[in-house]
Each structure stands twice: as C-alpha cells, then as structure tokens.
Amino acid sequence: MESGQLRRLNLCYAGIQSLYWAGFAAIWAFLSVLLLYRGFSNSQIGTVSALALLMPLAVQPVLASLADRDRRFTSRRLAMALAGLLLLCAVGLWCSAGSMAVTAALYVLVGISLTATAPFHSAMAMELQQHGVALNYGLSRGLGSACYAASVLVLGVVVERYAPTAVLPVFAGEMLLLLLLTWRFRASPTAAAAAGSGPVLSVGQLLRRYPAYTWLLVGCALLMACHSATCTYMIHIVGKVGGSESMMGSALAVAAFLELPAMGLFSRVRRKVPLAWLLIFCAAFFVIRAGLFWAARSVPVLYLAAALDFFEYGIFIPATVYYVAEHIDPANQVKGQSLMGMATTGVGSAFGNFVSGQLLDRAGVSGMLLFCSACAAAGLLVVIYAVRRK
C-alpha cells in the first residue's frame, strides 16, 4: 500500500475511534447524571444500565455471524448501520423528556448499539493488520481515549453550568460524523476476501475449541464489572470526598488521557513482554485501582486512583484485541472480537452496574467499592489461570 493511502487510512481510522469514544463519553459517562436529572433512582439506573449491556447477548452473536459468513455484511457496513441507529436514538432521547419509560427504552437501545459497535471497529483494524496493512490500532484507540477524556472534561463543566440534557445534541453530532467517516473507510480487498476463509464456527463451537480464550472471557468480565461500575457511579465516588460534577469530569478525564500513551506504546512493549504477562499485569492494577478508590478520603488519592488507568484499562484494551487476533483463526475473528466485547462491555459491565446500583441504595459507596474490589481480585485469578492454560 502506498504511504499516502496508508496515511489517509490511519487518519480515517483514528477519526472513527475518536468520534466513537467521544460519543461514548457524552452518552454513557453521564448516564447517572442525566437519568438522575430525569427522576430515576440509583436502582433504576442500575437496571437500565444492566439491560442496555445484557441485551447485546442476543443481538451481537447474530451480527458477528453475519459478518463472518456473508461478505455483504462486512464489519464496516454493520458499524455504519449501528452508527445510524445511535443517531436516531439521540434525537429520540432529546424529544422524550416527559416520559421515563421512553427514556429508559431508548437508553437500552443506545447501550445495545454502542456495545455492538466497538468489536466491529476492532475487527476492521485486525483484518487489515493480518494481511500486511500497517494500520496503527494502538495509537488510534489511544486517541479515542484522549477524545473520551476531552469530552468528559468539557461536558462535565457544561453539565454543571447548564443541564445534563446538553450532552444529547453533542452525542447526535458525533454519531453523524462517525457514520460519515465509517462510510469513507475502505478496507483492503485482499483482507476482505481472505477474512471469510476457513470454517465458520458457532459460538458454542468456538468456546469449546479455545478453552483458554473462554476462561479469559470470564476473567475479563469480572475485571470490567469493577471498572464499569467505578466509571458509571463516579459521581458518587467523587461525592465521598466532597467533589462535584466538574471534579467527576476531571477524574474521568485524567484516567482517559493517560490511556493514550499506554495504548500508543503498546505495540512496542509487546515486542519485549509476552502478551500473557501484560494481561496479568493490567489485571493486577484493576485490583489496586479499586482498592484505592475504596480507601480514598481526599481528592489527591482519588486522582491517583484515576491515574492508574494507564496501567489498567490502557493496557487491557489493546491486549485483549491482540489476544483474539493471535489466538482465534481468521474465519472467526469478528465473532472472537464480538464475544470479548460482550464479555467486557456487555456481561461484565451489566453485572457490575446492576449490583453496584443496588448496593449504593443499600450499603452506600463503601459497600459498592468493596464489591468492585472483590470482582477485580476474582478476575485477576481467573486471568492468571486462563493465560497459563495450554
């Protein structure tokens, strides 16, 4: 591929990741704030979040199988369709202020679409990399985190000054641009043709063929139960040390900004450190970070815990994407990436958000954070078992 064409491809993919994660921040990082503003309780927010993250279990395997089996339903085309659906949901949320039921239903649909979209973005990149196209996934994904951080930081101030509903037109604009950039992204014909070669397995066949991968899914789900709950209910964690919405935005921004160098450096680090050790290393930091959030009694400790995102989530995301690319056969790459997305942003996040929402109303912030720490510790043990299993 010519250098000019490769540069344009990298810029386009970086834009896709940036807009997706900026939109994710706008609609999901402020989920608690927006739904509390519209009259939801913490338990109701946990239920909405859990439904939004569990429903893809029924949808995503179907979409992934379509992408693996039928070249008409490529990862790119499915990502475009989901971006269009997210745009429609944003407009619907803006118009549904008077109905809690409609707001909840649309938020569930947003969660389904967001959860389903990310694995297709990963598959788009891995298909090209496996066929010799030097697409820089780590840097592009890191830029996505930086845009997430910038979005949270700016919108935290906007929400505090105006109203939580200010995030909705921002989200709509980002989804429109995401749809246009995804349409502009063109995959290599060689990669597209080869991606469907070999036997396409069902979900059950895939899990039986790759038992270490199956255990890794369990471990990653537990880790993300911890991470997602601390992000979703960050407003309560910040409130524990006397902070406000803008401080919540700052804490999330610190964490997300630090993901950029972590992800950008990942490709260099993995040349020197085995992928298995990187997975164990980042899993250990899930435990440390959750423990610091629980112990935090001051703003500096809170920001220190947020900064550990460099070693935790910043390494976790590219490590899991590359694990699937290296351990799952090419004919089942989309399904492999989708199952990892379902385990992490789906099952794990839904479980963590639902239980944490219940615990917030019954045991307070400290009880919720103890639960998060326990999930992270269990996830670490399962990840160690998975990566050492032959």
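These legends accompany close-up views of a predicted model.

**View 1. Salt bridges across the whole structure.**
A search of the whole structure finds four salt bridges. Three of them are taken up below, pair by pair: Asp329 with Arg209, Asp309 with Arg289, and Glu312 with Arg289. Side chains of opposite charge can pair when their charged atoms come close.

**View 2. The salt bridge between Asp329 and Arg209.**
The closest N and O atoms of Asp329 and Arg209 are 3.9 Å apart. Asp329 sits in the loop between α17 (313-327) and α18 (333-388), while Arg209 belongs to helix α10 (residues 203-209), so the pair ties together parts that are 120 residues apart in sequence. Is Asp329 buried or exposed? Asp329 counts as buried, because its relative accessibility is 17% and the cut-off for buried is under 20%. Arg209 is partly exposed, with a relative accessible area of 45%.

Which residues pair with Arg289 here? One partner is Asp309, with the closest N and O atoms 3.8 Å apart. This pair links distant parts of the chain. Asp309 is in the loop between α16 (299-307) and α17, and Arg289 is in helix α15 (residues 275-295), 20 residues apart. Both Asp309 and Arg289 are buried.
Glu312 also forms a salt bridge with Arg289, and here too the closest N and O atoms are 3.8 Å apart. Glu312 lies in the loop between α16 and α17, 23 residues from Arg289 in helix α15. Glu312 and Arg289 are both buried. Through shared partners, the salt bridges join Arg289, Asp309 and Glu312 into one network.

**View 3. A positive patch on the surface.**
Arg7, Arg8, Arg184 and Arg186 form a positive surface patch. Within this group, Arg8 is found in helix α1 (residues 3-29). Arg8 is exposed, because its relative accessible area is 57% and exposed means over 50%.

**View 4. A nonpolar patch on the surface.**
Leu54, Leu57 and Val347 make up a nonpolar surface patch. Together they have about 200 Å² of accessible area. Val347 is placed in helix α18.

**View 5. Helix α6 from end to end.**
Helix α6 covers residues 100-129, a run of 30 residues. From first C-alpha to last, α6 reaches 44 Å. That is close to the 44 Å expected at 1.5 Å a residue. How many residues of α6 are buried? The count is 23 of the 30, so α6 is largely enclosed by the rest of the structure.

Helix α11 (residues 211-232) has 22 residues. At 1.5 Å a residue, α11 should span 32 Å. The end C-alpha atoms of α11 are 31 Å apart, which agrees. Of the 22 residues, 17 are buried, so α11 is largely enclosed by the rest of the structure.

Leu53 lies in helix α3 (residues 42-54). Leu53 counts as buried, at 5% relative accessibility.
Gln44 is partly exposed, with a relative accessible area of 35%. What separates Gln44 from Met234 in sequence and in space? The two are 190 residues apart in sequence and 17 Å apart in space, C-alpha to C-alpha.

**View 6. Val321 and Gly341.**
Val321 has its place in helix α17. At 6% relative accessibility, Val321 counts as buried. Val321 and Gly341 are 20 residues apart in sequence. In space, their C-alpha atoms are 9.4 Å apart.

Notes
Residues are numbered from 1 along each chain as its sequence is written. This is a predicted model: local features need pLDDT of at least 70, side-chain atom pairs count only at pLDDT 80 or more; totals for chains, interfaces and linings use all residues. Side-chain values use heavy atoms; hydrogens and water are left out. Patches are made of residues with over 30% relative accessible area and no salt bridge: like charges are joined within 9 Å, nonpolar side chains (Val, Leu, Ile, Met, Phe, Trp, Tyr) within 5 Å. Accessible areas come from the Shrake-Rupley method with a 1.4 Å probe; for residues, only the protein chains shown count as cover. A salt bridge is a side-chain nitrogen of Lys or Arg within 4 Å of a carboxyl oxygen of Asp or Glu. Lys and Arg count as positive and Asp and Glu as negative; His and the chain ends are not counted. The place of a charge is taken as NZ of Lys, CZ of Arg, CG of Asp or CD of Glu. Helices (H or I, at least four residues) and strands (E, at least two) are DSSP runs, numbered from the N terminus. Buried means under 20% relative accessible area, exposed over 50%, partly exposed in between (1.4 Å probe, protein chains only). The expected span of a helix is 1.5 Å times one less than its number of residues.
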